Amino acid sequence: MEPQARAITEQDIRGVNRLAIGAGLGVAGGVLAVVLPIAFLLVSTYYPGGFFTFSSTFVEVTSVLLLAGALLFLFSLFAYRRAFVALRKVDHRFVGASVLCLVGSLGFLLLVLSSVALLGSSSSLLACLHGQPSHALSCVRSSSPLGAYTGLAGFWLGWLGGLGIVSGLFLGARRFRRRSLAGGGILYTLLLLVLIAPFVDLVYSFEGAQYALLAAPFLVLLAPALVYGGSRAPPTSARS
């Protein structure tokens, strides 16, 4: 039976607007924390020269990008959570999504702390790398154990926050009849799956984990871009 359409409330409009803010911040965070660092690593590996060599400056700049990106992801998750908080006032099914986003916010706070620790151990990290970016994850673990395991804990909490975004987007897609929100939810799901491999490698090393990162730049940009596109226009109706 087709769900009944209901009149749009102020909370619906507020929730959709906050989704757009969260998605926009997510795109910016993805550029700084994922796209640029991976691009830097690839250029330094295959076309080294100038800045793109494994120097202390290179490691420090990459760490700053990760820190800035983690902060933007934190603000993005905060905006998503506020969107789901607004929507749960008219649909209780958004409660789970808002709670998971709160858990994820704690995770990104830990990732910020981990990025700061990485900045403080750039020289030992550089000595461990020996010009081999494929060793980056294991070198982070050996050069800054506190930063590595703080980052690992932050990652898993942030990953749970990602599940909150996914569940909230699928609920929003159903409520507002927005396929782009569902598409964003699917791409976020794929991104969560892709991100598991390299972070598990911090604890249990296995071959090929680093190659999973190659899909991350595309997903981390396309997912929030779809959400942004689907949440810019104000909703005209809502399903019960």
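**Helix packing and aromatic contacts in a predicted model**

Reader: In this predicted model, is Tyr 80 buried or exposed?

Author: In this predicted model, the relative accessible area of Tyr 80 comes to 0%. Since buried means under 20% relative accessible area, Tyr 80 is therefore classed as buried.

Reader: Which residues have the most contacts inside the largest nonpolar core, and which element gives the largest share of this core?

Author: The largest nonpolar core has 41 residues, and those with the most contacts inside it are Tyr 80, Phe 84 and Tyr 188. The elements giving two or more residues to this core are α1, α2, α3 (95-120), α6, α7 and α8 (216-231). The largest share, 9 residues, comes from α2.

Reader: How are the rings of Tyr 80 and Phe 84 arranged, stacked or edge-to-face?

Author: A search of the whole structure finds 7 aromatic pairs. For the rings of Tyr 80 and Phe 84, the centres lie 6.4 Å apart and the planes stand at 15 degrees. Planes under 30 degrees apart count as stacked, so the pair formed by Tyr 80 and Phe 84 is stacked.

Reader: Where do Tyr 80 and Phe 84 lie, and which residues form one aromatic cluster with them?

Author: Both Tyr 80 and Phe 84 lie in helix α2, 4 residues apart, which is about one turn of the helix. Phe 84 has 0% relative accessibility and so counts as buried. The aromatic cluster that holds Tyr 80 and Phe 84 also takes in Phe 94 and Tyr 188.

Reader: Are the helices α1 and α2 roughly parallel or roughly antiparallel to each other?

Author: The axes of helix α1 (residues 10-46) and helix α2 (residues 56-88) come within 7 Å and cross at roughly 165 degrees. The residues of this contact divide into 26 nonpolar, 10 polar and 4 charged, and α1 passes α2 in a left-handed crossing. Because angles over 145 degrees count as roughly antiparallel, α1 and α2 are roughly antiparallel.

Reader: Which residue has a positive phi although it is not a glycine, and is that residue buried, partly exposed or exposed?

Author: The residue is Arg 177, whose phi is positive at about 55 degrees although it is not a glycine. Arg 177 is found in the loop between α6 (145-176) and α7 (179-200). Its relative accessibility is 37%, and because buried means under 20% and exposed over 50%, Arg 177 counts as partly exposed.

Notes: Residues numbered from 1 in each chain as written. Predicted model: local features only at pLDDT ≥ 70, side-chain atom pairs only at ≥ 80, totals over all residues. Heavy atoms only, no water. Axes fitted to C-alpha atoms, helices over the stretch in contact; angles between N-to-C directions. Parallel < 35°, antiparallel > 145°, perpendicular 65-115°, else oblique. Left-handed = near helix turned anticlockwise from the far one by under 90°. Nonpolar A, V, L, I, M, F, W, Y, C, P; charged D, E, K, R; others polar. Phe/Tyr/Trp six-rings, centres within 6.5 Å; stacked < 30°, edge-to-face > 60°. Buried < 20%, exposed > 50% of the residue type's maximum accessible area, 1.4 Å probe, protein only. Core = buried A, V, L, I, M, F, W, Y, C linked by side-chain atoms within 4.5 Å.
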